[in-house]
Amino acid sequence: MIRALLRPVWRTLPRRALAACGGLGLLLAGIPRLLSGQPDPWLCLNLLRGAALVLGVGLAFLLDDPARHTTAPVPARRPLRSGLRMALVAPAAALWWTVALLLVPGQARPPAGALTLEAAAIAATALAAASAAVRFTDRAEPGPAVATGLLVIAMTVPTLLLPGRWALIVSVNDPHWDAAHERWAAILAVAALLCAVCCTEPVRTWRRTVPARR
């Protein structure tokens, strides 16, 4: 079944959106090498965060399928189809993130493990939102709405809505660095769980019934 699905699933991947976001993300990560003088660690940190967000925007389109409503009755269930899409993209995403980290000059590069955790949390959040949109709506291509929502949340929640003691966007030398990444780990766990739940087929389709008249 998986072997039979590989080619059709590969053909339906949103390669243009993924390629565009991937290129923009690498451009952001490589900006410090284009600037003269010593690279600023705070700038490099935030550029990598921007690259991770752009990757998340690209992944928001991963479950888009224009033929969703015509391919619904296939024998392969939704967890297999969605999981296969994620599995096909995962190696490229990991390689892409490695390149993005290496583009940042070594003397200003933030801790790779901590930034990878942030990137993984953003990616999992994008996939969870896309999975929820596929499960609970009839949209064949929810990617634009999910990507917009992800950008709005990223620009408002960490900077405007979260109190200082729950900050997510902190500098490497901030005493709250470790605590912030514990929160990033929690976001990753919750998003991964939500993604797994929303990738399953609905147990029951709720329909409004009209009581029969006597």
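Hi everyone, let me start with a handedness: helices α3 and α6 cross in a right-handed way, meaning that the near helix is turned clockwise from the far one by less than a right angle. Before going on, this is a predicted model, where local features need pLDDT of at least 70 and side-chain atom pairs count only at pLDDT 80 or more, while totals for chains, interfaces and linings use all residues. Numbering starts from 1 along each chain as its sequence is written, and side-chain values use heavy atoms, with hydrogens and water left out.

Back to our pair. Helix α3 covers residues 41–59 and α6 covers residues 143–161; their axes sit 8 Å apart at an angle of about 155°. Axes here are lines fitted to C-alpha atoms, over the stretch in contact for helices, with angles from 0 to 180 degrees between N-to-C directions. So α3 and α6 are roughly antiparallel, the label for angles over 145 degrees. Who touches whom? From α3, Leu53, Gly56 and Val57 meet Ala147, Leu150, Leu151 and Ala154 of α6, with contact meaning heavy atoms within 4.5 Å. That contact has 6 nonpolar residues, 1 polar and no charged ones; Gly counts as polar here, and Ala, Val and Leu as nonpolar.

Now the other neighbour. Helix α2, residues 15–34, has an axis that comes within 8 Å of that of α3, crossing at roughly 180°. That makes α2 roughly antiparallel to α3 as well. By class, their contact holds 15 nonpolar, 3 polar and no charged residues.

Last, a side-chain detail: Arg165 lies over the face of Trp166, 5.1 Å from the ring centre. The criterion is CZ of Arg within 6 Å of the ring centre and within 35 degrees of the ring normal.

Notes: Helices (H or I, at least four residues) and strands (E, at least two) are DSSP runs, numbered from the N terminus. Angles under 35 degrees count as roughly parallel, over 145 as roughly antiparallel, 65 to 115 as roughly perpendicular and the rest as oblique.
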